[in-house]
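Subject: Structure handover and notes

Dear colleague,

I am passing on the structure we spoke of, and my notes follow directly below it. Please read them with the coordinates open beside you.

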Amino acid sequence: MTLLPKCTAWDGYDQNEKSFDFEARVVRALNEILDNDVEENIKIIVLHRSSMLASLFYFVKLYYNFPMEHYGYVQIDVGNICLLETTNNILNIKAINKPASQLNQFY
């Protein structure tokens with residue numbers, strides 16, 4: 001994981017949106033999915049790489065006290081997965097940048 005400076009870099013998809021603002025927008029959308037009233041054992045969320053990074057760093061900030069004002073970078077190859085699991089308010093990062101074909105080894 002690479003720690004980048006405070007969230008002042010511009011997001012590459014919208015020249016008027018800072019990375020911090022982009023992350024906040026992704027987190028709002030993510031929370032709409034996670035906080036619904038449907039009882040589920042698992043949620044599979046498909047994201048573009050930049051949204052996946054924003055989501056990963058949101059969870060790392062939330063659960064591991066990663067500095068809120070910083071952003072970071074993790075290599076995620078096209079088509080690969082990240083697998084996070086929360087149990088009893090504990091985050092378990094099970095996979096980062098793994099081929100989707102390996103998903104079955106985690107369950």
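Of the 107 residues of the protein, 31% count as buried; please bear in mind throughout that this is a predicted model. The protein has two helices and four strands, and these follow one another along the sequence in the pattern β-α-α-β-β-β. Among the contacts with a separation of 6 or more, 46% are accounted for by residues 24 or more positions apart.

I began with helix α1, which covers residues 19–34. Its 16 residues, at 1.5 Å a residue, should span 22 Å, and the end C-alpha atoms are 22 Å apart, which agrees. The buried residues in α1 are S19, F22, E23, V26, V27 and L30. Seen down the axis of the helix, the buried residues fall within an arc of 135°, so they line one face of α1. The background to this is that an α-helix has 3.6 residues a turn, so residues three or four places apart point the same way. On the other side of α1, R28 and E32 are exposed, whereas the buried residues of α1 pack against α2 and β2.

Next comes the pairing of the two helices. The axes of α1 and α2 are 9 Å apart, and the helices pack at an angle of about 80°, which makes α1 roughly perpendicular to α2, since angles of 65 to 115 degrees are counted that way. On the α1 side, the residues that take part are F22, E23, V26, V27, L30, N31 and L34, and they meet S50, S51, A54, S55, F57, Y58, F59 and K61 in α2.

K61 lies in helix α2 and counts as buried, because its relative accessibility of 4% falls under the 20% cut-off. The side chains of K61 and E23 are joined by a polar contact of 2.9 Å, and E23 is itself among the buried residues of α1.

L53 is also placed in helix α2, and with a relative accessible area of 9% it is buried too. Leaving aside its neighbours within four places in sequence, L53 is in contact with Y71, Y73, V74 and I76. L53 and C82 are 29 residues apart in sequence, yet their C-alpha atoms are 9.6 Å apart in space.

Finally, there are two backbone points to check. Most residues other than glycine have a negative phi, but N65 has a positive phi, near 60°, and is not a glycine. N65 is found in the loop between α2 (49–64) and β2 (70–73), where it is exposed, with a relative accessible area of 69%. N89 likewise has a positive phi, of about 65°, although it is not a glycine. N89 sits in the loop between β3 (80–87) and β4 (90–99), and at 65% relative accessibility it counts as exposed, because the cut-off for that term is over 50%.

Note on methods
Residues are numbered from 1 along each chain as its sequence is written. This is a predicted model: local features need pLDDT of at least 70, side-chain atom pairs count only at pLDDT 80 or more; totals for chains, interfaces and linings use all residues. Side-chain values use heavy atoms; hydrogens and water are left out. Buried means under 20% relative accessible area, exposed over 50%, partly exposed in between (1.4 Å probe, protein chains only). The expected span of a helix is 1.5 Å times one less than its number of residues. The arc is that of the directions from the helix axis to the C-beta atoms. Contact means heavy atoms within 4.5 Å. A polar contact is a pair of N or O atoms within 3.5 Å; within protein, one must be able to donate a hydrogen and the other to accept it, and residues adjacent in sequence count only if both atoms are side-chain atoms. Axes are lines fitted to C-alpha atoms, for helices over the stretch in contact, and angles run from 0 to 180 degrees between N-to-C directions. Angles under 35 degrees count as roughly parallel, over 145 as roughly antiparallel, 65 to 115 as roughly perpendicular and the rest as oblique.
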